[in-house]
Amino acid sequence: MHNKKVLFKGVSFGNQEHALERNKIMNYLKKNNIMLVEDINDADVVICDTCLFYFEDSLEAIDFLNKNKNKNAILIVTGVLSAKKELVKNRKGMIFLLNDELHMLDNILKVKYRFDTINEYFFSDFGVYSIFISKGCFQECTFCVDKYGFGKLRSVEPKEIIKLFKRGVENKCKIFHLLGQNTSIYGWDINTNLASLLGNIIKIPGNYKIKLDCVNPDFLIYLEELKPILRSNKISSIRISLNAATDKILNLVGKKFKINDFITFLGWMNKYCYETELIIVLITGYPGENFKDFKKMVGFILKYSNINLIFPIYVYKDIYFAESYKLKDKVNKTEKEIRKVLIDILLILVKHVEIEMRKSSSFKKRLFDAFLHNDSYDEMLDTLLKFNKQIKLENKSLNMLFYKAIYMIEAGDRVRKKRRWPVKRCIKL
Ligand code: SF4
């Protein structure tokens with residue numbers, strides 16, 4: 001019988017693979033009756049689960065825990081930072097464990113139930129039954145730092161996934177979530193693919209829906225196989241990491257597909273699977289993204305947005321050990337923020353008209369045409385203000401965004417003196 005008390009801290013929410021590992025560590029600690037404590041003074045073992053996208057926060061957290069833990073307490077660093085432990089100064093005495101090394105906790109904690117006996121393929125949260133279908137990735141997105149920590153693609157055997165899925169159906173689960181670091185390449189290491197897996201899953205009778213997460217547009221390669229599954233009405237949502245809206249930026253991200261092929265897919269979805277929710281992730285401010293590219297992204301959003309399509313927008317983060325750090329023509333921080341805030345405003349307006357107005361397409365077309373003539377951020381903002389006046393949307397957060405945009409474009413530009421981004425004239429509310 002052990003008597004260790006453990007403090008567990010996670011840095012950032014992390015992605016799906018982080019979520020799974022964290023959940024698994026918690027299940028492991030609970031199953032072994034290890035006492036979890038909140039106060040660092042009570043802990044014999046401190047576990048810090050880290051994230052490389054937030055490596056500054058991870059370093060800060062480790063530093064804090066290391067300084068404040070009991071003298072004899074052990075500090076264990078899990079998560080992706082373990083792949084870059086050279087970033088941690090004063091790491092003497094710390095134990096770094098990559099995801100594949102978590103079984104070493106057995107010895108450290110002297111537990112009864114080994115780490116590899118904890119079921120790693122699913123967890124159920126808020127009524128959603130999540131199944132991990134693969135780990136790792138072999139792709140080369142230039143901004144990605146996760147790939148350093150999660151290793152090569154390792155797909156779970158289809159029969160294992162089917163077994164877990166059936167268990168969920170027997171337990172009357174209605175929503176299934178299929179997760180992986182990059183689910184679109186599921187099975188490429190074991191001679192199968194996502195379409196084949198889904199084809200077998202949807203044969204399982206039951207009243208359920210499936211959500212697909214972390215899907216890269218690599219599925220375009222086997223789209224024809226996927227189409228009947230998408231039309232089966234069983235797939236309720238797909239989260240796609242598109243990242244960019246032009247071939248130029250896709251190429252800089254390290255992607256091989258063409259934006260037009262993706263657009264063709266969107267058109268097909270719109271025609272045959274209109275009710276499937278699409279969540280299309282974009283990044284603004286990628287190195288090399290000039291004003292023209294930014295306008296193309298705005299145009300893309302306006303053209304393809306619809307009631308069931310959501311565009312989460314991220315600002316590019318320049319991490320010095322990511323490959324994209326070496327790319328030329330970086331976008332400065334303020335300009336990245338201006339782009340983000342303009343898109344945030346646009347998305348609020350567009351969602352409002354899609355929900356409230358019957359003729360949302362003519363509104364979007366007029367906005368699109370107006371943007372075509374805008375050559376600067378202030379002109380774009382002016383256009384957004386005018387359209388907002390027309391639709392009379394009263395919304396506190398929208399007003400805040402307008403003020404933020406005005407401040408960033410005007411004051412930011414004045415302070416900098418040098419007009420390094422396109423700003424033409426003052427804007428009045
Ligand atoms: S698809 Fe790209 S971003 Fe996603 S894990 Fe693989 S390399 Fe990283």
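The structure is a predicted model: local features need pLDDT of at least 70, side-chain atom pairs count only at pLDDT 80 or more, and totals for chains, interfaces and linings use all residues. Residues are numbered from 1 along each chain as its sequence is written. Helices (H or I, at least four residues) and strands (E, at least two) are DSSP runs numbered from the N terminus. A residue is called buried if 20 or more other C-beta atoms lie within 10 Å of its own, exposed if 12 or fewer, and partly exposed in between, with C-beta atoms placed from the backbone.

**Nonpolar core**

- The largest nonpolar core has 104 residues; such a core is a set of buried Ala, Val, Leu, Ile, Met, Phe, Trp, Tyr and Cys residues joined through C-beta atoms within 7 Å.
- Helix H11 (residues 333-356) gives the most to this core, with nine residues.
- Ile-131, Ile-133, Leu-342 and Leu-346 have the most contacts inside the core.
- Beyond its neighbours within four places in sequence, Ile-133 is in contact with residues including Val-156, Ile-161, Leu-178, Leu-179 and Leu-197; contact requires C-beta atoms, placed from the backbone, within 7 Å.
- In soluble globular proteins, nonpolar side chains tend to be buried together.

**Ligand shell**

- The residues around the ligand are Cys-137, Gln-139, Cys-141, Cys-144, Asp-146, Lys-147, Gln-181, Asn-182 and Asn-216; the criterion is a C-beta atom, placed from the backbone, within 6 Å.
- By class, three of these residues are nonpolar, four polar and two charged; Ala, Val, Leu, Ile, Met, Phe, Trp, Tyr, Cys and Pro count as nonpolar, Asp, Glu, Lys and Arg as charged, and the others, Gly among them, as polar.
- Asp-146 sits in the loop between strand E8 (134-135) and helix H4 (147-150), and counts as buried because it has 21 C-beta neighbours inside 10 Å.
- His-18 is 128 residues from Asp-146 in sequence, and their C-alpha atoms are 9.9 Å apart.

**Helix H5**

- The 13 residues of H5 (residues 158-170) should span 18 Å at 1.5 Å a residue, and the end C-alpha atoms are 18 Å apart, which agrees; the expected span is 1.5 Å times one less than the number of residues.
- Ile-161, Leu-164, Phe-165 and Gly-168 are the buried residues named in H5.
- They cover an arc of only 100 degrees around the axis, which puts them on the same side of H5; the arc is that of the directions from the helix axis to the C-beta atoms.
- Lys-159, Lys-163 and Glu-170 are exposed on the face turned away from the buried side.

- H10 (residues 291-304) has Phe-294, Met-297, Val-298, Phe-300 and Ile-301 as its buried residues.
- These fall within an arc of 155 degrees seen down the axis of H10, so they line one face of the helix.
- Their cover includes strand E13 (277-284), H11 and helix H12 (360-372).
- In H13, Tyr-377, Asp-378, Met-380, Leu-381, Leu-384 and Phe-387 are buried.
- Glu-379 is also found in H13, and counts as partly exposed, with 18 C-beta neighbours inside 10 Å.

**Positive phi angles**

- Lys-172, in the loop between H5 and strand E10 (175-179), has a positive phi near 65 degrees.
- Lys-172 is exposed, with 10 other C-beta atoms within 10 Å.
- Asn-191 has a positive phi of about 65 degrees and is exposed, with 8 other C-beta atoms within 10 Å.
- Most residues other than glycine have a negative phi.

Technical notes: Two residues are in contact if their C-beta atoms, placed from the backbone, lie within 7 Å.
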